[in-house]
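Please open the model in your viewer and keep the selection panel at hand.

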Amino acid sequence: MKIKVRVPSSTANLGPGFDVFGAALCLYNEFEAEYISNAKKTTFTIKGEGKKSLDIGKKSLLWQTMQKTFKVLGETKFSLNNLNISINNNIPLSGGLGSSSTAIVGGIILANALCKNKLDKSQIADLAVKIEGHPDNVIPAIFGGLCICSRDEDENHEMVINLPIPKLKVVLCVPAFELRTKHSRQIVPKIFAINDVVFNMSRVALLTAAFCCADYSLLKQAMQDKLHQPYRGKVIPAMNEVFQAALDAKAFGVFLSGSGPTLAALCADKNAVNVQKAMKNVWKKENISIKNYILDFDIKGAITI
Ligand code: HSE
């Protein structure tokens, strides 16, 4: 039995929607598991991003997630002695595009498929959020599109609303330096002034309206944030200058992708290359090497292929 799953990258927060907004993007990691009942030797391979740096075998996030899923399902048959695992990573690891979320989502889906798909999509989502700790990468990675995530804490259940897909390109500048989500979450304060909370609430409302009405002229203001970007910006060189350069090149809105350090802009197709150049030039002056992407929104989410 062989199962292969393709999981999209994702951009989280979209500015003010900390731990609430997330969108799936058309850049993918692939995960495969093959069960061989009487295997003499099995393999665990990683191609692409992280092929030299990521843990393989027992310590890998994919396998640890598969094990957690087997445990939830009460399944003890599968082990690294009877499964060939292969990973093909296209999503950069430096942070902000949900690469580790793809391993969590991929691990749950592979393990669930080996166990005859006992978990439905909503149970997969709840388990993924439990493992990841925040919903806004794993949820779009599972459902695709542009998602609002709202958690019912008592039931540990995630409510997901899909907003209309913006007819926009997502321009992403991924710097070579890494910012771990764990560290990047510690930078964010635990307590905020009411003015800052009101500021963000108004932006989240605007952002929802901008996407629902496809009024992208609202995005410049709607993507502003006072809860996490100002703090994370202190460890991301020239973040505000990159944002300004993108806006000057006619981006509609700019934001820190997830917990960074990837920076993102939403713009019309016709302006995407110029926006990308403008963002790139600022970091070039800072001697920061980057990878660039101009992506569409993914609408399918994780699929078996
Ligand atoms: N909402 C999460 C954070 C996303 O900002 O920490 C991490 O990609």
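Begin with Arg 232, where an N or O atom of the side chain is 2.8 Å from an oxygen atom of the ligand, a polar contact being a pair of N or O atoms within 3.5 Å. The protein covers 97% of the 260 Å² of accessible area that the ligand has on its own, with areas taken from the Shrake-Rupley method with a 1.4 Å probe. This is a predicted model, in which local features need pLDDT of at least 70 and side-chain atom pairs count only at pLDDT 80 or more, while totals for chains, interfaces and linings use all residues. Residues are numbered from 1 along each chain as its sequence is written, and side-chain values use heavy atoms, with hydrogens and water left out.

Select Asp 136 next: a side-chain N or O atom of this residue is 2.6 Å from a nitrogen atom of the ligand.

Now show the residues around the ligand (a heavy atom within 4 Å of it), among them Phe 18, His 134, Thr 181 and Ser 259. By class, this shell has 2 nonpolar, 6 polar and 4 charged residues.

Finally, colour the chain by its domain assignment, which gives domain 1 (2-164 + 299-304) and domain 2 (169-295), with bounds from an automatic or database assignment. Both domains give residues to the shell, so the ligand lies between them. The C-alpha centres of domain 1 and domain 2 lie 25 Å apart, and 26 residues of domain 1 are in contact with 35 residues of domain 2, contact meaning heavy atoms within 4.5 Å.

Note on methods
A polar contact is a pair of N or O atoms within 3.5 Å; within protein, one must be able to donate a hydrogen and the other to accept it, and residues adjacent in sequence count only if both atoms are side-chain atoms. Ala, Val, Leu, Ile, Met, Phe, Trp, Tyr, Cys and Pro count as nonpolar, Asp, Glu, Lys and Arg as charged, and the others, Gly among them, as polar.
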